[in-house]
Amino acid sequence: MKKIEAIIRHYKLEEVKDALTAVGVQGMTVTEVSGFGRQKGHKEQYRGAEYTVDFLPKKKIEVVVADDQFKEVVDTILRTARTGQIGDGKIFVYDVAEMIRIRTGETGDTAL
Amino acid sequence: MKKIEAIIRHYKLEEVKDALTAVGVQGMTVTEVSGFGRQKGHKEQYRGAEYTVDFLPKKKIEVVVADDQFKEVVDTILRTARTGQIGDGKIFVYDVAEMIRIRTGETGDTAL
Amino acid sequence: MKKIEAIIRHYKLEEVKDALTAVGVQGMTVTEVSGFGRQKGHKEQYRGAEYTVDFLPKKKIEVVVADDQFKEVVDTILRTARTGQIGDGKIFVYDVAEMIRIRTGETGDTAL
Ligand SMILES: Nc1ncnc2c1ncn2[C@@H]1O[C@H](COP(=O)(O)OP(=O)(O)OP(=O)(O)O)[C@@H](O)[C@H]1O
Ligand SMILES: Nc1ncnc2c1ncn2[C@@H]1O[C@H](COP(=O)(O)OP(=O)(O)OP(=O)(O)O)[C@@H](O)[C@H]1O
Ligand SMILES: Nc1ncnc2c1ncn2[C@@H]1O[C@H](COP(=O)(O)OP(=O)(O)OP(=O)(O)O)[C@@H](O)[C@H]1O
Ligand SMILES: [Mg+2]
Ligand SMILES: [Mg+2]
Ligand SMILES: [Mg+2]
């Protein structure tokens, strides 16, 4: 089981969510964050204005998936979150040691 | 050392926190998130209204614990966060590679 | 690759960020969180008022770094986030299994 954590542009959330549910993702968690990546003098646009290296609002999405869903989910995020412009975001992947559904106590891939 | 990350109903936070401190938890972190789980046509209630599969506000709690506290903390969350209704939430568990208390520089279980 | 997650005092964010970029950190993510550590009867100050063990607003910063940057980044956070007073915060470290830059598809240390 893996956690896929993607920091994406705020306006890409709906498109990414719809694409993820279309490939069978059954749950996700979203957090409002702010951050910066490496611009090295380049500027990133946000709502028409240009910003130098400083915090911009982003969405963090977290999707925990079974290993056999992993590649399709990452590919779907890459495809839908990408604009080609600086600031498209990053995906970080972590191992999940265990997972439990609170209502039923179920664990493992089938409880995701 | 493990990180226990639980996504719970927003109104369960105080009850879960009180139960966790009662079993000896010494620290926790809370984030406002939104998310969805798998409803498959079922509906989840939020403040009296019914929602289909879309983002609902939830609380994410993170508790880093020593391995010998792990089972008790998970059981406490399961017991207090559960209502039996759809949408009770999920627990995800991660290994923690290292931990440091900033004020003192202490590390390891005794610094938690 | 490691994720360094630090929960720090809200007013320390700018100082920590400036110190991190000065040692070459190229990206970070910040989340508004609330939490408590272990006070054991001691009180923590927030905006002039004293609080007992309950949730206080904090900043969570997340910095994913290559292994060879790890020590310098941790030392920089310890040095800049510390006041010596109760409530300075904690650092948690996690292994990162994989990382991808969305715009280019690059992976690995050079994409951080
Ligand atoms: N090393 C990192 N650690 C933690 N968060 C990061 C890191 N790098 C980027 N982020 C997060 O990802 C968001 C988007 O980063 P961004 O897309 O600008 O990365 P980048 O490497 O600069 O790529 P690009 O050149 O396409 O802009 C940042 O605002 C930040 O929240
Ligand atoms: N696979 C997942 N990845 C990331 N977050 C998830 C995942 N599944 C659920 N969540 C988070 O947990 C919250 C609660 O999920 P929920 O309790 O509805 O899970 P469920 O499996 O649908 O269980 P139930 O059938 O009891 O509703 C979601 O709003 C979301 O924030
Ligand atoms: N075990 C833990 N699990 C998750 N988050 C924690 C834990 N301990 C502390 N935190 C987070 O770190 C923040 C700061 O903790 P704090 O600095 O008070 O730790 P402490 O161990 O009590 O150290 P001090 O004695 O210096 O106050 C808390 O508000 C909480 O968000
Ligand atoms: Mg960038
Ligand atoms: Mg559900
Ligand atoms: Mg404390």
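Hi everyone, let's start with one interface: 29 residues of chain B are in contact with 31 residues of chain C, where contact means heavy atoms within 4.5 Å. Before going on, this is a predicted model, in which local features need pLDDT of at least 70 and side-chain atom pairs count only at pLDDT 80 or more, while totals for chains, interfaces and linings use all residues. Residues are numbered from 1 along each chain as its sequence is written, chains are lettered from A in the order in which they are written, and side-chain values use heavy atoms, with hydrogens and water left out.

How much area is buried between chain B and chain C? About 2,400 Å², with 58% coming from carbon and sulfur atoms. Buried area is the accessible area (1.4 Å probe) that two parts lose on being put together, summed over both. On the chain B side, Gln26(B), Ile102(B) and Arg103(B) lose the most area to chain C, together 30% of what that side buries.

Now for some charges. Between chain B and chain C there are two salt bridges, each a side-chain nitrogen of Lys or Arg within 4 Å of a carboxyl oxygen of Asp or Glu. In a salt bridge here, Glu62(B) meets Lys60(C), at 2.8 Å from N to O.

Strands meet here as well. β2(B) and β2 of chain C (residues 28-36) run antiparallel and are joined by three bridges; strands are DSSP runs of E, at least two residues, numbered from the N terminus, and two strands pair if DSSP finds at least two bridges between them. Look for Met28(B), which stands opposite Phe36(C).

Let's turn to the other neighbour. With chain A, the contact takes 31 residues from chain B and 29 residues from chain A. The area buried by chain B and chain A is about 2,400 Å², 58% of it on carbon and sulfur atoms. Two salt bridges are found across this interface too; Lys60(B) forms a salt bridge with Glu62(A), with the closest N and O atoms 2.8 Å apart. β6(B) pairs with β7 of chain A (residues 98-101) in the antiparallel sense, over four bridges, and Val93(B) is the bridge partner of Glu98(A).

Finally, how do chains B and C relate? A rotation of 120° with 0.0 Å of shift along its axis superposes chain B on chain C, with RMSD 0.0 Å, fitted by least squares on the C-alpha atoms of residues with pLDDT of at least 70 in both. The two copies are therefore related as by a three-fold rotation axis. They use different surfaces: 3% of the contact residues of chain B recur in chain C.
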